[in-house]
Structure formats: C-alpha cells, structure tokens
Amino acid sequence: MELLTDITIRKTTHSKLYEADLDQLEFGKYISDHMLVCDYGNGEWQSPQIVPFSNLSLNPATLALHYGQTVFEGMKAFRMKDGRINIFRIEKHYDRFVRSLERMCMAVPPKEIFTEGMIKLVDLDKNWTPQKRGASLYIRPFIYASEAKFGVKVSEQYRFIIFTGPVPELYAKPIKVKVETRYIRAARGGTGFAKCGGNYGGAFFPTQLARQQGYDQVLWTTGKENPTIEESGMMNVMFVINDTLVTPPLSDSILDGVTRDSLLILANDLGYKVEERSVSLDELETAFLTKTITEAFGAGTAAVVAPIQTVHINGIDFTLPGYSHESLLNRLKEKLERIRTGIEEDIYGWNLVL
Ligand SMILES: *Cc1c(COP(=O)(O)O)cnc(C)c1O
C-alpha cells in the first residue's frame, strides 16, 4: 500500500516478543514492541513517529489529568487463515473517534495519520498477532490534552498515541447482570456517545456495588422514572424477544458500537427480524414472566458477545435457559469470526488486509 504520511520509525533493539507466550494470553498483559506518537500544537499536527514502547513523562499540570480531556478507541486486528493480518472496520472506528473528540473539544488527527499510522504500526509488530482461534491483536488509539497549565481551559496541545497488544478470546461464560435505576451511566445531552475516559470512571462505583451483590455487570437504564434499557456494562445490549433481535436505538447516551452495528447487519442477512427500538424495563420484565425472551447479551470489541444468564429486576433474579450452538448469539459470533479471518468472504468491506 502506498502511504501518504511521512512517518519516521525508530525500531527497538530489544524486542520483548520472545518473553510473551502467545498461547497463554491474558487480556492486557502484554504490549507490543512499538507505539505511534503524534503531537498537536500551534494549530497543527506534527509528523507521526513510531518509537519503542516506553513510559511517558508528564508535567503534573497536564490538563488531561485534571479536566478529563481524554478520548480512546478500542479495535482489533486478526490473523487470517492465509497468515495475513486484517484490521477490522478501521473507518468506522475513525469516524467514532472524530465524534468523540469533537464532543470533548479536542483536536482531531487527520484520517491519513490515523489509518496509515495504524497500518505501519500493526505491520511493524505483526508478529505479535496471535494465531490461535478467537485471539487477536488489540489496538488502542487515544488522545489526551497534553498542555501543562492549571487554569480550567480547553487544551491547545494534544498527544495522539497508538499501542497494541495480543489478547485472548474472552471466555464467554454467561454473566449475571443487575438492572440499575438509581445510578445512570450517561445522561441525555451528556457524553455517553463519546468514548471518553470519564464515562468509565463514573461507571465504576455502581458496578462495584453490583459486584458486591453477586452480579458481574450493571444493566444500565435511563434512571428512576419510566426506565428504558441503555447498555450492559461497557457493551451495547441485545435481546431476542419473540424471535426478534431487539436493541435500544442509538442516542446521545448510547455508544455507537462497531460490534453492535456489525451484528445487526449480520443478523439481518441471516434472515432474522431486527428491531432498533427502545425497550422499557416493564417490557423486559414482562418478557421474562411470559418467557418470550430467549436470549440476552452484551456486544463489544473485547468479548464480541457476552451471553447473559441472569437479569436482576426489582429484587427478582430472572434466568434464561442457556445457549446452544444454534442460539443467535453464537451464530452471530461465529459468522463474524469467519469473515474476519477470511474463511468467509467479506462482502461488507469491513476488512483491511495488510
Ligand atoms: C466501546 C464501548 C462499547 C462497544 O463498542 P464496540 O465498538 O463494539 O467495541 C459499548 N458501550 C460503551 C459504553 C463503550 O465504551
């Protein structure tokens, strides 16, 4: 591929690849040898550099540490059956990155720097991409406000970084979720659609409470009055009700998940009825009481699908009958995996094969 961006590369002389066991991975345990760094200041982006992965040195007045101007993406590259590397839906991730950055008043790196920088970085560290089925190379692009000044202000300087690391397939043990109406993850008019650090920080406390009560995750709603379902943990949420795949519609309090979008398209093409519509807590409870709900799952890049076994609603644990190979969530997961690894043709243009 002909690249437009001038990217300087300084390679490591001490690769850590031999220390990593790509057959025994844990999520977030290993980071690949290199990172891309690109700074913004005086109204323009500098040339990106790929350098050995290393610590940052930060002035304690760095604005991101105080006022929360930080935005990230989470995406993956896969090893295909022919051995080549595929970066999944890079454009869709870039578009979301831009929307998040705009909401947080942050500088937006040009598309060429994002895509070509990522291609160069992933290509340089391609040997870190695991072979094992379901495993992948996780890619973490992020930007933070790097200006050091302690007044409250929109930063005039930013640093854009991409690093990567091999991750295993997350074991899809069905989880228990607790419907939350006292705390919300995101408010209408707030930053819920943006992938900004603060959304995560604010979600930890209610999640901890749910864990103390024996649940794995929170099932977020719009709050106390007439609650409707929002997301599950840090994933979008989907239900199969009356043989129809149902998921809440996008709004400014729901993150526009790339996995969500991909699964909706695949379900439709597999011949399932798909509905993006709001699901009230009352409807969900009734669906459990009448047994019209057969599946519930989270959808996100890290786990692809996270099957839900139990939903706690107003003091009652409702449990679903378990998932066979024929369940929709497993069919969707399998189909997505086959497209990403080149077993099945990518008729959607989702793969960027290096
Ligand atoms: C990242 C994220 C998701 C999932 O998005 P994907 O693009 O599918 O990984 C869902 N909800 C929240 C709140 C997120 O931050």
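This is a predicted model: local features need pLDDT of at least 70, side-chain atom pairs count only at pLDDT 80 or more; totals for chains, interfaces and linings use all residues.
Biologist: What volume does the largest pocket have?
Modeller: Start with its lining, which counts 44 residues. Gln-217, Gly-233, Met-234, Met-235 and Ala-302 lie nearest the centre of this pocket. The volume of the largest pocket is about 1000 Å³.

Biologist: Which element gives the largest share of the lining of the largest pocket?
Modeller: Several elements supply at least two residues each, among them strand E8 (136-145), helix H4 (197-212), strand E13 (235-241) and helix H5 (258-269). Strands E16 (293-300) and E17 (304-313) are also on that list. The largest share is seven residues, and it comes from H4.

Biologist: How many charged residues are in the lining of the largest pocket?
Modeller: Sort the lining by class. It has 23 nonpolar residues and 13 polar ones. The charged residues number eight.

Biologist: Where does the largest pocket lie?
Modeller: Look at which domains give residues to the lining. Both domain 1 (8-168) and domain 2 (175-340) do. The largest pocket therefore lies between domain 1 and domain 2.

Biologist: Which residues are closest to the centre of the second largest pocket?
Modeller: This pocket holds about 370 Å³ of space. Its lining is made of 25 residues. The closest to its centre are Lys-132, Arg-133, Gly-134, Glu-337 and Thr-341.

Biologist: Which element gives the most to the lining of the second largest pocket?
Modeller: Two elements give two or more residues: strand E6 (75-79) and helix H7 (328-340). By class, the lining has eleven nonpolar, three polar and eleven charged residues. With six residues, the element that gives the most is H7.

Biologist: Where does the second largest pocket lie?
Modeller: Apply the domain test again. Domain 1 (8-168) gives residues to the lining, and domain 2 (175-340) does too. So the second largest pocket lies between domain 1 and domain 2.

Biologist: What volume does the largest cavity have?
Modeller: The search of the whole structure finds one cavity of 30 Å³ or more. Its lining consists of Met-75, Lys-76, Phe-88, His-93, Val-258, Thr-259, Thr-301 and Arg-340. E6 and H5 are the elements that give two or more of these residues. The volume is about 50 Å³.

Biologist: Where does the largest cavity lie?
Modeller: By class, its lining divides into three nonpolar, three polar and two charged residues. Both domain 1 (8-168) and domain 2 (175-340) contribute to this lining. The largest cavity therefore lies between domain 1 and domain 2.

Biologist: Is the pair of Phe-142 and Phe-163 stacked or edge-to-face?
Modeller: It is one of 17 aromatic pairs found in the whole structure. The ring centres are 6.1 Å apart. The planes stand at 75 degrees, and planes over 60 degrees apart count as edge-to-face. So the pair of Phe-142 and Phe-163 is edge-to-face.

Biologist: How many residues apart are Phe-142 and Phe-163?
Modeller: Phe-142 is in strand E8. Phe-163 is in strand E9 (residues 158-167). The pair links distant parts of the chain, with a separation of 21 residues.

Biologist: Is Trp-350 buried or exposed?
Modeller: Trp-350 forms a stacked pair with Tyr-348, 4.3 Å centre to centre and with 20 degrees between the planes. Tyr-348 has 22% relative accessibility, so it counts as partly exposed. Trp-350 has 6%, so it counts as buried.

Biologist: Which residue lies over the face of Phe-88?
Modeller: Lys-176 lies over another ring, that of Tyr-215, at 5.6 Å from the ring centre. Over Phe-88, the distance to the ring centre is 4.3 Å. The residue there is Arg-340.

Biologist: Is Val-304 buried or exposed?
Modeller: Val-304 is found in strand E17. It has a positive phi of about 65 degrees, although it is not a glycine. Its relative accessibility is 11%, so Val-304 counts as buried.

Biologist: Is Asn-314 buried or exposed?
Modeller: Asn-314 sits in the loop between E17 and strand E18 (316-319). Its phi is positive too, at about 40 degrees, and it is not a glycine. Its relative accessible area is 59%, so Asn-314 is exposed.

Methods: Residues are numbered from 1 along each chain as its sequence is written. Side-chain values use heavy atoms; hydrogens and water are left out. On a 1 Å grid over the protein atoms alone, a cavity is a set of points where a 1.4 Å probe fits but cannot get out, and a pocket is an open set with protein on both sides within 12 Å along at least five of seven lines; lining residues have an atom within 4 Å of a point. Grid points are joined across faces, edges and corners, and a volume is the space filled by probe spheres set on the points. Helices (H or I, at least four residues) and strands (E, at least two) are DSSP runs, numbered from the N terminus. Ala, Val, Leu, Ile, Met, Phe, Trp, Tyr, Cys and Pro count as nonpolar, Asp, Glu, Lys and Arg as charged, and the others, Gly among them, as polar. Domain bounds come from an automatic or database domain assignment. Rings of Phe, Tyr and Trp (its six-membered ring) pair if their centres lie within 6.5 Å; planes under 30 degrees apart count as stacked, over 60 as edge-to-face and the rest as tilted. Buried means under 20% relative accessible area, exposed over 50%, partly exposed in between (1.4 Å probe, protein chains only). A charge sits over a ring if NZ of Lys or CZ of Arg is within 6 Å of the ring centre and within 35 degrees of the ring normal.
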